[in-house]
Amino acid sequence: MEMLEIRNMHKSFGPTIALNDVSFSAQSGEVLGLIGENGSGKSTATSIYAGMQTCSSGEMFFKGEPWHPVSMNDALKRGVGMIVQENGTVPGISAAENIFLGETQEYVSGLFVNRKKMNRDAQAALDAIGAGHIRAEMMTGMLDFQDRKLLEIARVMAKDPEVLVVDETTTALSQKGRDIIYGIMNTMRKEGKTVIFISHDLDEIMEKCDRLTVLRDGKIIRTFEHEEFEEGAIKAAMIGRELQGSYYRDDYDGEVSSEVVLAAEHLNHTDQLSDFSFELHAGEILGIGGLSHCGMHTLGKVLFGNEKAESGSFTVHGRQIRNEAEAMKEGIGYVAKDRDTESLCLEASIKDNIAIAGLDKIAVHNAFILPSRENSYVDAQIKNLRIKCNDRNQYVSTLSGGNKQKAAFGKWTGRDSSILILDCPTRGVDIGVKQAMYQLMYRMKQEGKSIILISEEMTELIGMSDRLLVMKDGKLQKELFRSRQLSEADVIEYMI
Amino acid sequence: MKKELREKLLSAAPLAGMILLGILFLVFALIKDINIPYSMKNILNQSIITMVVATGAVYIYTLGAFDISLGASMCVSALVGAMAYNRTGSVAVMLGVCVGCAVLISLTSSLLASVFNLPVFVTTIAMLSLLNALVLVLIKANGTGDVIQIPAEAVSKLNTVGFKLLVFLLFFGLCVLTFNFMKLGRQEKFVGGNPLCAQLSGLNAKKLSVIGFVMAGLGVGLGAFLTITYAPTLSRNTAGSIGMDVIISIVFGGMPVSGGARSRIYSAAIGALSMTLLSQIMLMLNLNSGIGQMVKAAIFILVVFVSMLNNRKTILPR
């Protein structure tokens, strides 16, 4: 049975045509993959179907009936749920209140909300998806990115939807979180329901989907049946050309300078870092891997001076770092994992975002901003990083995920940072952009710059790092060196 | 294209509104045979103090912060300035004391917030109580009856539209320079837009908050000085309504209520002039002050609604 259908859908955002005559359908008991470069229209099409916004023209059907959801809540109540790419929870309320957001009235008895019952039901929803470690009464703001994502999944699954859209969610999750989503997808398939799965991870999408529809520049390019899945053909369909050169770097000597640019000794920080010591060399890409809660994300913040280690020390070029400004003075740049909250000011323009970290470079006498100087600084980053935009004054909020990430990169490449701390830099980024970022990282290495690559993607860590530190429970578990033989299994062995 | 045009229209709306109000004022003045140059002088006289104080206050609002004690601060600064004149007989000293006192009060609010890690509006609430008490103490200790006054002739030469305009233009020029063409303005807007991202971009929000409050204090101090030149007899009610006038002016001028990247330094001047023009038009229409307040309230809500509409993003979802 045809569960959902989109016919001739068009959508424009000002001058940007996001969807141009898009039509596709999905059957019951099917996992349909949607893949395409950032800004290709995957999220736009599915978010329209899930009630987040409306289309400019076109038709939608759900189980053969015309489909016009007025909101995401309305769509969810009627059987279509969506887990969005970015944060979709409210931080200042409890996990239970997030799960039953907009439905509190169902728990009202007399004048009061029956929180006990709400918490009980919310806990049941969390337990049902395998996220029982999250307590329903906890404040959402206290949860980390992964747990907030699991909370969203619980919220959607509590309504038992017949169509589930998973929009680029897995890259934000550790293996455990991913397994939860994969489990849900399998169950839904078996129950004759439908999943629309959006991901930039080609291996993942080829493994989990029954069919795969490729979008490019707001148009459907091709739908691959499972037996037609072939990496090269899918990539070519996605970007409209063959990818030139290697995806990751193709040297295996792992050669770095002997000069130590950053040295950390016996760092301790809550339960996230425990007696953690390492050195970073000039011209080195140092990978940091582990499970989501292993402390690697905290390490990034500590090294940028954003969080203070309780004991231990670290020096950059021999100098101690106490805050972000000092870190920047020593040439450190930091791209945070939580892009929309920590790396970018969404209501500001591309220009404002890129220039803000480089004002000391742009300003004359470290005070006055000459518009021409600022514009050329920003334009150089837009050009180098190939940020798809109308102009430098476009609001960052209107960019696609990959282009937002490029803008976040632009903050630090612009000021020519000599040490870059990249926390999950390719999360939610398509393969074309990913390749460009890997090439940029490699180019920086060759220029003698150093990169700390914190990532939950093992292929990325293995593919790019000169040296890989595996963390577990805040401790350094293993140091692995670049080699052709290094495999995911070798890394996993020390992660878990 | 449509959205871009809408954004441009909405951002130009405050200025267009002010021009429209200006035209309406001229039309009604001609119909009612009112002395236009005299009325224009009146409008500038009424709005210029608000324009000065509100322009400084833009620095606070840009940060997404709020200062409830502006009026009380201005009153104290004016009282202390007047006392300084009575002791020294020097207008220059009076100006210096007004500005110094206002900056000191602003610094205290922001430093307290910084030291105790409190939202700055909390300390401004505490300052409001403290300053109100200080007004009473100062008047009781130094005043004659319920007022503190200086000889009118001491400042009569300064009580001209030309002088006030000069003070405003100098201060406005400084603010435009620092807000639009210096690091300070960019950093303030970024902190207001996303404090966490600003911190992770190396900005020191506390330091910027202190600087923002100093700029606001400068405006309050100049406002206090101009208040003395306009009305040399000061009481506990001096500058009583300035706090509310500043908020309304800034919002009328098209500044987002939450501050951030879309903050504009021109908002305060445009808003203050628009508000005064509106009051004058309502006076010419013989509307009583109650109805006038209601009209202002309605327009205030409308402006906030429209500005929020402008900020509601129809975003390309990733």
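Helices (H or I, at least four residues) and strands (E, at least two) are DSSP runs, numbered from the N terminus. The model is predicted: local features need pLDDT of at least 70 and side-chain atom pairs count only at pLDDT 80 or more, whereas totals for chains, interfaces and linings use all residues. Residues are numbered from 1 along each chain as its sequence is written, and chains are lettered from A and ligands numbered from 1 in the order in which they are written.

In H7(B), Lys164(B), Val167(B), Phe168(B), Phe171(B), Phe172(B), Cys175(B) and Phe179(B) are buried (20 or more other C-beta atoms within 10 Å of the residue's own; exposed, 12 or fewer; partly exposed, in between; C-beta atoms placed from the backbone). They lie on the same side of H7(B), because their arc around the axis is only 125°, taken from the directions from the helix axis to the C-beta atoms. The face turned away from this buried side carries the exposed Gly162(B), Leu166(B), Leu169(B), Leu170(B) and Gly173(B).

In chain A, six strands form an open sheet of mixed pairing, in the order E6-E9-E10-E3-E11-E12; pairing requires at least two DSSP bridges between two strands. Strand E6 (80-83) and strand E12 (219-225) of chain A are the edge strands, each pairing on one side only. Strand E3 (residues 30-36) and strand E10 (residues 194-198) of chain A run parallel and are joined by five bridges; Val31(A) has Val195(A) in E10(A) as its bridge partner.
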